[in-house]
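Here is a set of exercises to work through with the model open beside you. Try each task by yourself before you read its solution.

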Amino acid sequence: MTSDAIARRETADALRTVRELWGELLLAIETPPADVWPPRQLAHTLRAADDKQLVADRAPLVLREHPAPLNMTALDTGLAIERMLFGLADTLAAAVQRAEADDPRRWEFQQPGAADARHAAGSRAHGLHFASVWIEGRVLDEDTAPEQQLDGTPTAPPFEPLPPHLLHEARRTVRVAEGRLLRTLGLDQRTMPVPDRPCPWCGGELTLHTDPDEAPRVTCSTGDDCTAPVPFDDRGRRVWGWNDLVGLVVALAEADPLRTS
Ligand SMILES: [Zn+2]
């Protein structure tokens, strides 16, 4: 694969990660800073009911009221990621957009003089998800072939192919945004002791292992003598993989019923 093809794929992957985790970030803004436990990847399992609402609300953070954000770091991250991707869309549109004014595929720039906030925001009003999909289209050179009007007259393509220097700028920007999102959500690669929650079977110390490309897992420090009903990992520690984690959440809650999570 050429370096351009690799850059296209990496950029598209990072944009998808940002889209998939955006709902988690919105939730994090309205939630006190997360404890290590339970792992955020379990949120969908433990809290399925809230997610519909998050997906439905795609208004950009920059146009919303934040009367009382409970996690300022998450809000700062969200606003920074919007700035990065909206700015990137502006840059790409200025370079390669030829679409007609009424074409819904157009990226609309901000119009500071417009009468109302939504028009002033241009395509930013559609939120981060739209911007991310739009950028992915440019990175993948979608809609760059000549098109035909209804009467068969050929028209110029809505977009020109992205020149290599902008492809690589897009890759850099999107990966910075992805990295910041993963760090803020605690989903980057790290190993953290689970504080104040000893192993319910042996009292050993539990450790949470996360990696953006893998499901989280938890290990017990005790080794052979731990009687937890889960397998050993290759270092002889009891390990709760993805399918066993909910069982561990339940066992910890039963061991210490005063905690809420
Ligand atoms: Zn144990």
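Before we start, a word on burial: a residue is buried under 20% relative accessible area, exposed over 50%, and partly exposed in between (1.4 Å probe, protein chains only). The model is predicted, so local features need pLDDT of at least 70 and side-chain atom pairs count only at pLDDT 80 or more, while totals for chains, interfaces and linings use all residues. Residues are numbered from 1 along each chain as its sequence is written, and side-chain values use heavy atoms, with hydrogens and water left out.

**Exercise 1. Sketch the fold of the protein chain.**

Step 1. Take helices (H or I, at least four residues) and strands (E, at least two) as DSSP runs, numbered from the N terminus. The protein chain then has eight helices and six strands.

Step 2. Turn to burial: 41% of the 261 residues of the protein chain count as buried.

Step 3. The protein chain exposes about 14200 Å², and 52% of that comes from carbon and sulfur atoms.

Step 4. Call it a contact when heavy atoms lie within 4.5 Å. Among contacts between residues at least 6 apart in sequence, 59% join residues at least 24 apart.

**Exercise 2. Describe the zinc site: which atoms coordinate the ion, and in what geometry?**

Step 1. Count as donors the N, O and S atoms within 2.8 Å of the metal (3.2 Å for Na, K and Ca); water is not among the atoms, so sites may look incomplete. Here the SG atoms of C199, C202, C220 and C226 coordinate the zinc ion at 2.3 Å.

Step 2. Check the angles. Four donors count as tetrahedral if all angles lie between 85 and 135 degrees. The four donor atoms around the zinc ion subtend angles of 95 to 118°, so the arrangement is tetrahedral.

Step 3. Read the spacing of the donor residues in sequence: C-x2-C-x17-C-x5-C.

Step 4. Look at accessibility: C220 is buried at 1%, and C226 is buried at 1% as well.

Step 5. Follow C220 to R237, one of whose contacts it is. R237 sits in the loop between β5 (214–220) and β6 (239–240) and is buried, with a relative accessible area of 17%. Leaving out residues up to four places away in sequence, R237 touches H209, R217, T219, C220, G223, P231 and F232.

**Exercise 3. Which aromatic rings form a cluster, and how are W134 and F159 arranged?**

Step 1. Pair rings of Phe, Tyr and Trp (its six-membered ring) if their centres lie within 6.5 Å; planes under 30 degrees apart are stacked, over 60 edge-to-face and the rest tilted. This rule gives five aromatic pairs.

Step 2. Take W134 and F159: their ring centres are 5.8 Å apart and their planes at 80°, so the pair is edge-to-face.

Step 3. W134 is in helix α6 (residues 127–139) and F159 in the loop between β2 (154–155) and α7 (164–184), so the pair ties together parts 25 residues apart in sequence. Both W134 and F159 are buried.

Step 4. Widen the view: ring pairs link F86, W107, F130, W134 and F159 into a cluster.

Notes:
Areas by Shrake-Rupley, 256 points an atom, 1.4 Å probe, with all protein chains shown as cover. Tetrahedral: all angles 85-135°; square planar, octahedral: opposite > 155°, others 65-115°.
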